[in-house]
Amino acid sequence: MICPCQRQQANPRVYAECCEPFHQGVTAPTPTHLMRSRFSAYVLGLSQYVSESWHASTRPSDLQLTPDNNWLKLDIVKAQGTQVHFSAYFNDDNTFAALEEVSDFVFEGDRWFYVNGKTETHTVSLGRNDVCLCGSGKKFKTCCA
């Protein structure tokens, strides 16, 4: 299976070689690795991993996730120091949208933790000749337009 954080990427990695090791206990070496593994965990409904990778100072007390295939693609815009800026694309009632976030991470006890982020959600407008975000690989005009 293609890793959820690799969907619609050039040369995508399989889950077993990408995020699965982190979900099974391997420590993420960078904030970017942790961000990607958290995105995949949200898609796969891995509540325990998301909770355990969230810093205790900002972690919600009750986090219940279910698998969510509405998440379509993850793009890392910029990663620098303890911040990762990403765009996560999703299908919202037959409309493509993006959650854009600048996330803050902290390194504590030999592990990276997600602390918080500044988010913005917006509708995504695709041109007729853009690759459709649904994952078909087709141009938008011949797919979901």
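Predicted model: local features only at pLDDT ≥ 70, side-chain atom pairs only at ≥ 80, totals over all residues.
Within the pairing, aspartate 75 lies opposite serine 87 of β2. The hairpin of β1 and β2 has 2 residues between the strands, and glycine 81 adopts a positive phi near 60° there. Strand β2 is also joined to β3, again in the antiparallel sense, by 10 bridges. Here tyrosine 89 has alanine 98 in β3 as its bridge partner. The hairpin of β2 and β3 likewise has 2 residues between the strands, with aspartate 93 at a positive phi near 55°.

Helix α2 comprises 14 residues, 31-44. From its first C-alpha to its last, the helix reaches 20 Å, close to the 20 Å expected at 1.5 Å a residue. The buried residues of α2 are Pro31, Leu34, Met35, Ser37, Arg38, Phe39, Ser40, Ala41 and Val43. Just after α2, glycine 45 takes a positive phi of about 75°.

The largest pocket has a volume of about 300 Å³. Its lining draws at least two residues from each of α2, β2 and β3, and the largest share, 4 residues, is supplied by α2. Met35, Arg38, Phe39 and Tyr42 are among the lining residues; of these, Met35, Arg38 and Phe39 also belong to the buried residues of α2. By residue class, the lining of the largest pocket consists of 9 nonpolar, 1 polar and 2 charged residues.

The second largest pocket holds about 180 Å³ of space. Helices α1 and α3 and strand β4 each contribute at least two residues to the lining of this pocket. The residues that line the second largest pocket are Phe22, His23, Gly25, Val26, Thr27, Ala28, Leu34, Tyr49, Glu52, Ser53, Arg111 and Trp112. Leu34, listed in that lining, is also one of the buried residues of α2. The lining of the second largest pocket divides into 6 nonpolar, 4 polar and 2 charged residues.

Notes
Residues numbered from 1 in each chain as written. Heavy atoms only, no water. Expected span 1.5 Å × (residues − 1). Buried < 20%, exposed > 50% of the residue type's maximum accessible area, 1.4 Å probe, protein only. Pairing = 2+ DSSP bridges. 1 Å grid on protein atoms, 1.4 Å probe; cavity = no way out; pocket = protein on both sides within 12 Å on 5 of 7 lines; lining within 4 Å. Points joined across faces, edges and corners; volume = space filled by probe spheres on them. Nonpolar A, V, L, I, M, F, W, Y, C, P; charged D, E, K, R; others polar.
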